[in-house]
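Work through the exercises below with the sequence and the 3D structure at hand. Each task is followed by a solution in steps.

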Amino acid sequence: MAQTRFGEWITSTPDRHSVIEDAQGLAAGAIMASLGVLFLSSAGLLTGGTAGVAFLLHYATGYAFGLVFFAVNLPFYWLAFRRFGLAFCVKTFIAIAATSFLSEAVPRAIGISHIDPLIAAIFGGLLIGTGLLILFRHRASLGGFGILALYLQERFGWRAGLVQLVFDGCVLVFSFFLASPYIIFCSVVGAVVLNLTLAINHRKDRYIAM
């Protein structure tokens, strides 16, 4: 019995990840996303989705981004559970908690004294997009609009990246109240890079593992 359970932890199939592979994927996705957050926050940029909402509240209130990001995603766990099951919900919770923690811990270990906002937007958007791509491929997300985008892709066949781009645009509209036009422009560039990374690389018919 113990040997069988150990085999489930390390053995994968063409359509299913092993437990060890899922753990590595969640860790890698959270690390990539937190590095992207570091780039964006170092330049005072925003993004879309619940991360964008967290950035807006962080800049407006001074509360820690990681704490706000974790709290903003709480209402979406029920949708994750109802539409994608317990495993997806648990892995998403772990990914969000890890990203929230790393978003506060990484800046204490890596300091960026100067970065051009446009470079920060491109690199940050690519890093977060890659992190999300890894999480999506392990049947997890960073919550919020990502969960809704995945649901709409599976339900109607709409590309998750393009769907999330629309939601991101709505969030960025509110950034006009907190940022300069150039910062907003760079934030839009970052959101486009992030979502194009998903739209180009994430297709269910090209990657079937769960």
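**Exercise 1. A patch on the surface**

Task: Find which residues form a nonpolar patch on the surface, and give their accessible area together.

Solution. Step 1: The patch is formed by Tyr59, Val173, Phe174, Phe176, Phe177 and Leu178. Step 2: Together these residues have about 690 Å² of accessible area. Accessible areas come from the Shrake-Rupley method with a 1.4 Å probe, and for residues only the protein chains shown count as cover. Patches are made of residues with over 30% relative accessible area and no salt bridge; like charges are joined within 9 Å, and nonpolar side chains (Val, Leu, Ile, Met, Phe, Trp, Tyr) within 5 Å. Step 3: Take Val173, which lies in helix H8 (residues 160–173). Val173 counts as partly exposed because its relative accessibility is 49%. The classes are buried (under 20% relative accessible area), exposed (over 50%) and partly exposed in between, with a 1.4 Å probe and protein chains only.

Before going on, note that this is a predicted model: local features need pLDDT of at least 70, side-chain atom pairs count only at pLDDT 80 or more, and totals for chains, interfaces and linings use all residues. Residues are numbered from 1 along each chain as its sequence is written, and side-chain values use heavy atoms, with hydrogens and water left out.

**Exercise 2. The fold as a whole**

Task: State how many helices and strands the chain has.

Solution. Step 1: The secondary structure comes to nine helices and zero strands. Helices (H or I, at least four residues) and strands (E, at least two) are DSSP runs, numbered from the N terminus. Step 2: Along the sequence, the pattern reads α-α-α-α-α-α-α-α-α. Step 3: The chain has 210 residues, and 46% of them count as buried.

**Exercise 3. The cavity**

Task: Give the volume of the largest cavity and describe what lines this cavity.

Solution. Step 1: A search for cavities of 30 Å³ or more gives one. A cavity is a set of points, on a 1 Å grid over the protein atoms alone, where a 1.4 Å probe fits but cannot get out; lining residues have an atom within 4 Å of a point. Step 2: The volume of the largest cavity is about 190 Å³. Step 3: The lining has 19 residues, and Gly48, Ala51, Leu132, Leu142 and Gln164 are the closest to the centre. Step 4: Sort the lining by type: 10 residues are nonpolar, eight polar and one charged. Here Ala, Val, Leu, Ile, Met, Phe, Trp, Tyr, Cys and Pro count as nonpolar, Asp, Glu, Lys and Arg as charged, and the others, Gly among them, as polar. Step 5: At least two lining residues come from each of H2 (19–42), H3 (49–61), H4 (65–72), H6 (117–137), H7 (145–156) and H8. H3 gives the most, with three residues.

**Exercise 4. A salt bridge**

Task: Find which residue forms a salt bridge with Asp22, and say whether Asp22 is buried or exposed.

Solution. Step 1: The whole structure holds one salt bridge, with a salt bridge taken as a side-chain nitrogen of Lys or Arg within 4 Å of a carboxyl oxygen of Asp or Glu. Step 2: The partner of Asp22 is Lys91, and their closest N and O atoms are 3.5 Å apart. Step 3: Asp22 lies in helix H2 and Lys91 in helix H5 (residues 77–109), so the pair ties together parts 69 residues apart in sequence. Step 4: Asp22 and Lys91 are both buried.

**Exercise 5. Pairs and a backbone angle**

Task: Compare sequence separation with C-alpha distance for Val53 and Phe174, then find where Arg139 lies.

Solution. Step 1: Val53 is in helix H3 and counts as partly exposed because its relative accessibility is 27%. Step 2: Val53 and Phe174 are 121 residues apart in sequence, while their C-alpha atoms are 9.2 Å apart. Step 3: Arg139 lies in the loop between H6 and H7. Its phi is near 55°, a positive value in a residue other than glycine. Most residues other than glycine have a negative phi.

Definitions and conventions
1 Å grid on protein atoms, 1.4 Å probe; cavity = no way out; pocket = protein on both sides within 12 Å on 5 of 7 lines; lining within 4 Å. Points joined across faces, edges and corners; volume = space filled by probe spheres on them.
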